Amino acid sequence: MRLLHRLAPGVLALVCVIFLPYEAASHGRPPAGDTGPGRPFGAECLVRVDGSTVTAHCHNPYPDPDGVRLHVECVRWWDLDSDGPPAVAGPAQTVRLDGRCWKEVGAAWVSHQRVD
């Protein structure tokens, strides 16, 4: 009985992560110190995981282009993690990035890179 009480929170959290779709902010925002003096940078990205598919919408409100890239980590060891192709979010532009796993998605985030 004690074992059941110890495992219940972990099992419940795992079920919620695997079966419920969620939205998360991008983890790949550059630190404030890397933007240069007075030059804001970085698209705002909304990442949505629904089952085995991942969709990210990135909007760049700044005048400098942002090279965004979707990264997907899968739960299963045999399911290949993927790094999507880079896309350029120009000034006042929104781009859509897609990715997927065969089974469950473990984590998904967008990385940012300055484009010259």
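**Notes on the salt bridges and a tryptophan patch**

1. The count of salt bridges here comes to three. Keep in mind that this is a predicted model. Side chains of opposite charge can pair when their charged atoms come close. The pairs are taken one by one below.

2. Start with Arg 114 and Asp 64, whose side chains meet in a salt bridge at 3.9 Å, N to O. That still makes the list because the cut-off is within 4 Å. Arg 114 sits in strand 8 (residues 105–114), while Asp 64 is in the loop between strand 3 (53–60) and strand 4, so this pair ties together parts of the chain 50 residues apart in sequence. As for cover, Arg 114 has 36% relative accessibility and counts as partly exposed.

3. Next up is Arg 76 with Glu 104, a salt bridge with its closest N and O atoms 2.8 Å apart. Two loops are involved: Arg 76 belongs to the one between strand 4 and strand 5, and Glu 104 to the one between strand 7 (93–100) and strand 8, so parts 28 residues apart in sequence get tied together.

4. The remaining pair is Asp 98 and Arg 96, with the closest N and O atoms of their salt bridge 3.1 Å apart. Arg 96 counts as exposed, at 54% relative accessibility.

5. You'll find Arg 39 in the loop between strand 1 (22–25) and strand 2 (44–50). Arg 39 is partly exposed, with a relative accessible area of 40%.

6. Trp 77, Trp 78 and Trp 102 make a nonpolar surface patch of about 540 Å². Trp 78 is placed in the loop between strand 4 (66–74) and strand 5 (82–83), and Arg 76 from point 3 is in the loop between strand 4 and strand 5 too. With a relative accessible area of 41%, Trp 78 is partly exposed, so it clears the over 30% needed for a patch.

Technical notes: Residues numbered from 1 in each chain as written. Predicted model: local features only at pLDDT ≥ 70, side-chain atom pairs only at ≥ 80, totals over all residues. Heavy atoms only, no water. Patch = residues over 30% accessible without salt bridge, like charges linked within 9 Å, V, L, I, M, F, W, Y side chains within 5 Å. Areas by Shrake-Rupley, 256 points an atom, 1.4 Å probe, with all protein chains shown as cover. Helix = DSSP H or I, 4+ residues; strand = E, 2+ residues; numbered from the N terminus. Buried < 20%, exposed > 50% of the residue type's maximum accessible area, 1.4 Å probe, protein only.
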